Amino acid sequence: MAVAEAQLYAKVSNKHRGRGSSALLEPLLAKGFPAHIAQKALVATGQKTTEDAAKWLHSHCNDPSLDDPIPQEYALYLCPTGRLHSRLQDFWKESKRQCGKNRAHEVFPHITLCDFFPCEDQKVELLYDVLKRVGDRFSQSFPASISLTLHASPSYLGFFIDDSQANILKEFAVAFSSEASVLADCHVKPSLKQFHLTLAHRFYPHHQKTLEQLAKCINPGEPCQWVAALYSRDMRFVHYQRLRALFQYKPQNIDELLINAGDLIYVDPRQQSDVSEGWVIGTSHRTGCRGFLPENYTERAHEADTWVRHREYVFDTVSRSVTKAEKEPNVKLNGEAHNLSVSRSVTNALSLQNAALQRGVLVMHHGERVDQVFGKSWLQQCLTADGKYYRADLNFPSSLPRRKDSMKQFENDPPLSCCGIFQSRLIGEALLDQEVTVSHVYSSPALCCVQTAQHVLQGLKLNPRVRIRVEPGLFEWTKWGASKAIPNFMTVAELVEASYNIDTSYRGNFPPSSLVPSESYEDYVSRSSAVMKQIISACPSKGRGVILIVGHSSSLAPLTRALTGLPGRDSRDFAQMVQKIPSLGMCFCEEQKEENKWQMVNPPVKTLTHGANAAFNWRNTVMED
């Protein structure tokens with residue numbers, strides 16, 4: 001047992017576990033569930049219905065922590081609803097698209113009244129009673145409308161609450177915390193700092209201007225009902241990451257976790273160091289079970305996705321604020337007045353303005369290579385006694401391109417597998433479906449990258465209109481093969497002879513002779529940055545096409561971070577990050593022409609996920625006794 005969990009057990013083990021009086025509890029007791037487990041199911045589902053609690057109990061039948069006495073943690077938030085909430089959600093979505101995820105995206109729009117505190121399961125109903133009683137007492141004095149002033153700093157953007165109105169909210173929070181502490185026997189601490197509604201937090205400083213422009217499109221005077229809502233979370237997983245399953249996974253081994261599409265998984269980053277590449281170990285929010293699961297079956301989820309909403313108190317302020325909401329307000333940004341438009345069209349116009357960006361850069365990892373499937377000795381499996389190539393498995397390419405030097409050079413410069421060819425063409429077809437216009441293509445000199453570019457262009461139906469520029473400077477970090485020399489790449493002439501659509505007039509910025517084995521991480525980042533700058537300057541800024549760059553798993557971070565002005569990642573976690581990038585993994589950057597900068601956004605197509613398919617020998621499998 002972890003030290004933190006042991007401390008939690010110690011805090012609750014000596015407390016009285018009395019039976020609750022909830023009407024929802026009796027049907028569960030009648031079904032034979034122990035009182036403490038039935039109470040746990042009720043609070044885990046927000047004490048809404050007996051059916052929800054029974055369903056939770058069924059899902060958690062194999063949960064090893066079902067008997068644990070650790071309670072939930074609760075927080076009281078003041079949340080906007082109605083049109084203001086819709087505008088805030090528009091900002092959440094657009095800020096994430098334009099500037100990437102920041103800390104504020106982990107939770108929905110809210111004002112914190114009381115931060116998280118533990119409360120025993122059988123006493124949660126007392127919190128509901130306190131919320132109702134205190135809400136009734138403050139219903140008439142609650143502000144008819146809440147004045148919001150926009151405040152910005154290099155790491156924070158949000159609305160500050162007017163002092164006079166904030167004082168009423170603080171009095172409400174103090175009243176709730178005082179009564180809850182006494183009646184529910186728990187320590188509730190009211191928020192007494194500057195009341196605020198966070199829009200963005202812990203973002204990169206160069207995103208501040210964009211975020212401010214988006215925030216100015218929010219009209220805080222929109223009609224709104226404010227709701228004081230009680231939320232709970234599992235205190236065991238406060239510092240864990242949350243993942244959401246994209247696909248169902250059925251365990252192949254006893255230590256693996258069954259997941260369904262949409263399941264939420266708790267993952268402790270500190271426990272992943274000894275896990276096999278491509279896997280994580282996590283605990284299912286739906287079942288409470290723990291085990292290994294494939295990481296590429298998941299995506300990052302938000303912290304609040306695993307929270308449970310309990311009771312709420314609605315302050316009816318719409319009738320008192322509708323007259324004020326009809327007026328065009330002036331919202332202050334750090335004391336400076338700005339007139340705002342109240343219609344959704346402003347937000348839409350800003351989105352359309354950003355959609356018409358001048359250029360985009362799509363950096364792509366190559367498709368599946370034969371050595372990734374069949375190992376480093378793949379070529380030996382495909383050569384006859386007299387040295388001729390033959391197809392030993394259907395995933396081997398039907399033939400290899402001709403090259404003047406020895407065929408053994410393919411060992412250090414392997415081609416795509418047939419699945420890799422299919423992957424590449426499929427990505428090209430998906431880009432075509434999304435009407436992505438590729439204007440220029442750059443490729444690492446590695447054969448697998450040239451082939452990936454070729455088949456992506458075929459899927460886009462741009463072959464031979466757009467030709468591939470082979471850029472040696474895009475080759476991967478040479479330290480991966482520290483004991484080897486730089487591969488002897490196929491020449492441009494050989495690639496053309498093999499029917500690859502190569503731009504023969506292009507002269508690379510880094511000749512192959514400039515690549516040295518076992519270069520330092522700093523030298524690789526510097527090389528990547530220089531290559532990216534030269535590619536951007538070589539492509540016309542007046543065009544609106546996408547520049548496609550096909551490289552390696554080590555290419556994505558240094559190329560895109562150099563383009564967006566971010567510093568290179570720490571070398572200590574670079575290798576671990578690279579291992580998580582699958583075949584055809586991609587990053588997309590858009591140009592902000594007016595601001596003279598680039599920003600990372602979602603790629604124009606979805607990722608490609610598939611499972612492994614092991615070699616099959618019918619004689620050893622079907623005929624074996």
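**Helix packing, salt bridges and cores**

Mentor: The axes of H6 and H7 come within 9 Å of each other and cross at roughly 145°. Axes are lines fitted to C-alpha atoms, for helices over the stretch in contact, with angles from 0 to 180 degrees between N-to-C directions. Helices are DSSP runs of H or I with at least four residues, strands are E runs of at least two, and both are numbered from the N terminus.

Trainee: Where do the coordinates come from?

Mentor: This is a predicted model, where local features need pLDDT of at least 70, side-chain atom pairs count only at pLDDT 80 or more, and totals for chains, interfaces and linings use all residues. Residues are numbered from 1 along each chain as its sequence is written, and side-chain values use heavy atoms, with hydrogens and water left out.

Trainee: Which residues in H6 meet H7?

Mentor: Among them are Leu127, Val130, Leu131, Val134 and Arg137, and the H7 side includes Phe172, Ala175, Phe176 and Glu179. Contact means heavy atoms within 4.5 Å. The residues of this H6 and H7 contact divide into 12 nonpolar, 1 polar and 4 charged.

Trainee: What do the side chains of Arg137 and Glu179 form?

Mentor: A salt bridge, at 2.7 Å from N to O. The term needs a side-chain nitrogen of Lys or Arg within 4 Å of a carboxyl oxygen of Asp or Glu. Arg137 is in helix H6 (residues 124–138) and Glu179 in helix H7 (residues 163–183), so the bridge ties together parts 42 residues apart in sequence.

Trainee: Is Arg137 buried or partly exposed?

Mentor: Partly exposed, because its relative accessibility is 46%. Buried is under 20% relative accessible area, exposed over 50%, and partly exposed in between, with a 1.4 Å probe and protein chains only.

Trainee: How many salt bridges does the structure hold?

Mentor: It holds 27. One of them joins Arg87 and Glu222 at 3.4 Å, N to O. That pair links distant parts of the chain, 135 residues apart, with Arg87 in helix H5 and Glu222 in the loop between helix H8 and strand S6. Arg87 counts as buried at 11% relative accessibility, and Glu222 does too at 4%.

Trainee: Switching topic, which residues touch the most other members of the largest nonpolar core?

Mentor: Leu78, Leu157, Phe176 and Leu199, out of 55 residues. Apart from that core lies another, of 47 residues, including Tyr389 and Ile468. A nonpolar core is a set of buried Ala, Val, Leu, Ile, Met, Phe, Trp, Tyr and Cys residues joined through side-chain atoms within 4.5 Å.

Definitions and conventions:
Nonpolar A, V, L, I, M, F, W, Y, C, P; charged D, E, K, R; others polar.
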